[in-house]
Amino acid sequence: MTSTQTSQRLRGSLTALVTPFRDGAFDEHAFRAFVAWQIENGTHGLVPTGTTGESPTLSHSEHDRVVEACIDEAGGKVPVVAGAGSNSTAEAIERSRHAEKAGADALLIVTPYYNKPTQEGLYQHFKAVNDAVGIPILIYNIPGRSVIDMSVDTMARLFELPNIAGVKDATANVARVSLQRQAMGEDFVQLSGEDATALGFMAHGGHGTISVASNVAPRLCADFQEACLAGDFRKALTLQDRLMPLHTHLFAETNPSPTKYALARLGLMSEEVRLPMVPVGEATRALVDGAMRHAGLTNG
């Protein structure tokens, strides 16, 4: 895809997919059914093996299998952006090459966490992945988890490379959207990584959201994004009001434990997570239950 084609396809509501487990193992049957349900409910794209997919506790073989199963089940109906990042450049290249070979439409590469590279180190890390593959790459900028914040200047340098297509911006700073548009232009894909501020993000010129809430409310999140992209911010605000408690309470404890509880309530999978993640406590269950009722997803 050219940068313009990438911009046109990677927009709207893309779900940061959870990874279902049963008895400690990847539950591929539940995962495939979940992918099909997402597509049936209007989700515009799928993002397996990110943080929400508990990628830190997936083995390499599990990681690769989740990506393969997602691509196979999606069947080309919507784009698949495979999480392939690591704080090891060599490992990021390995996961990226596998995802490309499996048929992923694009890659999501997180800024290297824990190592705390300089801006030049960030540039060289992403350049190495860029040079190793031939599909679009989204930079995942999430200072809250990785500690480092990629500057707009570094993104602008990277956007000169052939495969760097855009950013998943989880800074929650909506001003960054306008600054990045000013530096890179409209073809630089800007996807929010923070549900609660996605309305402002889209008003600043964003293209969509890689969403946690869309795991639980795919139709509402897709409708919200379509309203934003059509410039109907009155409708988008109405949908935001329905979704806001969900956006808040799915993070009452660390993601994805509250989301998996919500999906278990919907009968879509077990709420099982892997240590060091644990199932949510009773107070969070009550908050999530209330948010689901508010959104109209459950009756009680």
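Colleague: Which residues lie nearest the centre of the second largest pocket?

Modeller: This is a predicted model. Its second largest pocket holds about 350 Å³ of space and is lined by 22 residues. Helix H6 and strand S10 each supply at least two residues of that lining. Nearest the centre of this pocket lie Tyr140, Ile142, Ala170, Gly193 and Phe251.

Colleague: How many nonpolar, polar and charged residues are in the lining of that second largest pocket?

Modeller: The lining of the second largest pocket consists of 22 residues. Divided by class, it has four charged residues, eight polar ones and, for the nonpolar class, ten.

Colleague: Which element gives the most to the lining of the largest pocket?

Modeller: The largest pocket contains about 470 Å³ of space, and 24 residues line it. Ser55, Pro56, Gly85, Val110 and Tyr113 are the lining residues nearest its centre. At least two lining residues come from each of helix H3 (60-74), helix H4 (89-102), strand S6 (106-110) and helix H6 (143-146). The most, three residues, come from S6.

Colleague: How many charged residues does the lining of the largest pocket have?

Modeller: By class, twelve residues of this lining are polar and nine are nonpolar. The charged residues in the lining of the largest pocket number three.

Colleague: Where does the lining of the largest cavity come from, in terms of strands and helices?

Modeller: The structure holds one cavity of 30 Å³ or more, and the largest cavity has about 60 Å³ of space. Its lining includes Thr209, Ser211, Cys221, Phe224, Gln240 and His247. By class the lining has six polar, four nonpolar and one charged residues. The elements that each supply at least two lining residues are strand S10 (208-211), helix H10 (218-229) and helix H11 (233-249).

Colleague: What radius of gyration does the protein chain have?

Modeller: The C-alpha trace spans about 50 × 45 × 35 Å along its principal axes. A compact globule of 300 residues would have a radius of gyration near 19 Å. The protein chain agrees with that, because its radius of gyration is 18 Å.

Colleague: Among contacts between residues at least 6 apart in sequence, what percentage join residues at least 24 apart?

Modeller: The protein chain has 13 helices and ten strands, and 55% of its 300 residues count as buried. Of the contacts between residues at least 6 apart in sequence, the share joining residues at least 24 apart is 71%.

Colleague: Why is helix H12 described as largely enclosed by the rest of the structure?

Modeller: H12 runs over residues 257-265. Its buried residues are Ser257, Pro258, Thr259, Lys260, Tyr261, Ala262 and Leu263. The cover over them includes strand S2 (21-22), helix H2 (28-40), H11 and helix H13 (282-295). H12 is largely enclosed because, of its nine residues, the number buried is seven.

Colleague: Is Glu62 buried or exposed?

Modeller: Glu62 has its place in helix H3. A residue counts as buried under 20% relative accessible area. Glu62 has 18%, so it is buried.

Colleague: Which side chain makes a polar contact with the side chain of Glu62?

Modeller: Leaving aside neighbours within four places in sequence, Glu62 is in contact with Phe26, Thr57 and Arg274. The polar contact, at 2.7 Å, is with the side chain of Arg274.

Colleague: Is Tyr114, with its positive phi, buried or exposed?

Modeller: Most residues other than glycine have a negative phi. Glu54, in the loop between strand S4 (45-47) and H3, has a positive phi of about 55° and is buried at 3% relative accessible area. Tyr114, in the loop between S6 and helix H5 (119-132), has a positive phi of about 70°. With a relative accessible area of 73%, Tyr114 is exposed.

Key
Residues are numbered from 1 along each chain as its sequence is written. This is a predicted model: local features need pLDDT of at least 70, side-chain atom pairs count only at pLDDT 80 or more; totals for chains, interfaces and linings use all residues. Side-chain values use heavy atoms; hydrogens and water are left out. On a 1 Å grid over the protein atoms alone, a cavity is a set of points where a 1.4 Å probe fits but cannot get out, and a pocket is an open set with protein on both sides within 12 Å along at least five of seven lines; lining residues have an atom within 4 Å of a point. Grid points are joined across faces, edges and corners, and a volume is the space filled by probe spheres set on the points. Helices (H or I, at least four residues) and strands (E, at least two) are DSSP runs, numbered from the N terminus. Ala, Val, Leu, Ile, Met, Phe, Trp, Tyr, Cys and Pro count as nonpolar, Asp, Glu, Lys and Arg as charged, and the others, Gly among them, as polar. Buried means under 20% relative accessible area, exposed over 50%, partly exposed in between (1.4 Å probe, protein chains only). A polar contact is a pair of N or O atoms within 3.5 Å; within protein, one must be able to donate a hydrogen and the other to accept it, and residues adjacent in sequence count only if both atoms are side-chain atoms. Contact means heavy atoms within 4.5 Å. The radius of gyration is taken over C-alpha atoms; the globule rule is 2.2 Å times the number of residues to the power 0.38.
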